[in-house]
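Please read them beside the coordinates.

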Amino acid sequence: MSVFRPWWFEQALIQENPAPAQPLNQHIHADVCIVGGGYTGLWTAIMLKQAQPDLAVVIIERDLCGSGASGRNGGCLLTLATKFLTLKRLFGEAEALRIVKSSEDAVYQIAQFCREHAIDAEVRIDGTLYTATNAAQLGNMDGVMDELARHQALSWAALPLQEVRLMAGSDQHLAGAFSPVGGSVQPGLWVRGLARVARAMGVTIYESTPMTRLIESEQPQVQTPHGSICAKSVVLALNASMATMFPALSRSIAVVSSDMIITEPCPDLLKRTGLTRGVAVCDSRIFVNYYRSTVDGRLMLGKGGNTFAYGNRMLRSFDRPSRYQASLKQTLGRFFPALQDVPIAASWNGPSDRSVTGLPFFGKLNQHPCIFYGFGYSGNGVGPTYLGGQILSSLVLGLDNAWTRSPLVSGPKGYFPPEPIRWLGAHMVRNAIRRKENAEDHGQTASYLDCKLAGFAAAAGKADKG
């Protein structure tokens, strides 16, 4: 079990004061065994029980529910609307529009679910602001917005500069587009709340119970250190760990860190900046800077694309304070000079499962009819995991609906090169992006080579650039 607890998750556990974890220590049978107690696994279990309350659903989690990516992300509640160009290119116009609409509906469904089940996860549907912080980023959202507008599916609007800076709380922004669909959430409180609701619905959860082996027989069996589950269906909701556990998926993602800091409370200073709502703010870099305030007057700031794992291993550094804390603090001071002397309460990071397309994907493991998986959220999983639950529960129940017919369930749409090419290439591209964006920040023209190399990581951004 992990001894390091990222800030959101630690605060949630302090508030909850949970009973000691109960590992599985026997051999049992279930209708469905879900491996992984994060957002995807919990949403899948909840939706299965909503559809068929008598279904015997078991979740096993190697640590505590939410201890992985679900309890350590930035808590920015985003949609897939800004990926419309990629969705359209891969899946066609009609399916792209359906996925965008579903991802926007999910924001409100998540908020409604939390209200109905008394999950106090600090959900604030105050919108999303995508900005440009240097001249090279200007116009990056235009292509996506034009296409969405052409299909009458546009929730975004360009704002006057003064309004952008007021909403973002910083004069570092040169332009911005706002959508009211989105916001922020305390991810640790949310995932622990989902686990509580799942248990209340009759889902059996065994924490401190890692999967040691999956037997892909006619009736699959999940083995653990002290027990096993024989199930009619198995759902693998392991996010970044999928690539190391299952060779067939080893090149489907690149595991890379997203690093975060959070300040001590400074509500008066935040009020002076104007950043008082729960809006999620992202710039237009490839490896974006993102930030949001909290209900108790803190500022959380993060950045993706820092540490790449060789062979997609779960590095020890993923479960420690961020080694990039000084750089993040410098960025925070640049955006918010008034906050540069505010103490940092905590820093942390975690592995993000980046797919080639920047989109999640789902499927059947080795084409087994009863073993399903879903991952590849690419740093944008807080909202889209709700869709993941809809997809995986539909697959388990054998439904014929828009989700089971979706191209999202046909596995990965691309693969990274084998090692060591992937690791070496990732560092070449990362360093080129850093040089390119540093030059752009200083009003300089980036080199042709750095621009070309950076293009290989275009899918890593929060929004398509058109």
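How do the residues of the lining of the largest pocket divide into nonpolar, polar and charged?

1. They divide into 14 nonpolar, 12 polar and seven charged (Ala, Val, Leu, Ile, Met, Phe, Trp, Tyr, Cys and Pro count as nonpolar, Asp, Glu, Lys and Arg as charged, the others, Gly among them, as polar). This is a predicted model, in which local features need pLDDT of at least 70 and side-chain atom pairs pLDDT 80 or more, while totals for chains, interfaces and linings use all residues. Residues are numbered from 1 along each chain as its sequence is written, and side-chain values use heavy atoms, without hydrogens and water.

2. On a 1 Å grid over the protein atoms alone, a cavity is a set of points where a 1.4 Å probe fits but cannot get out; a pocket is an open set with protein on both sides within 12 Å along at least five of seven lines; lining residues have an atom within 4 Å of a point.

3. The largest pocket has a volume of about 660 Å³ (the space filled by probe spheres set on the points, which are joined across faces, edges and corners). Among its 33 lining residues, Glu61, Arg62, Gly68, Leu238 and Ser241 lie nearest the centre.

4. The second largest pocket, of about 520 Å³, has a lining of 18 nonpolar, three polar and four charged residues. Phe416, Ala426, Val429, Phe456 and Ala457 lie nearest its centre.

5. Six cavities of 30 Å³ or more are counted. The largest cavity holds about 430 Å³; of its 29 lining residues, Ala69, Asn73, Gly379, Asn380 and Gly381 are closest to the centre.
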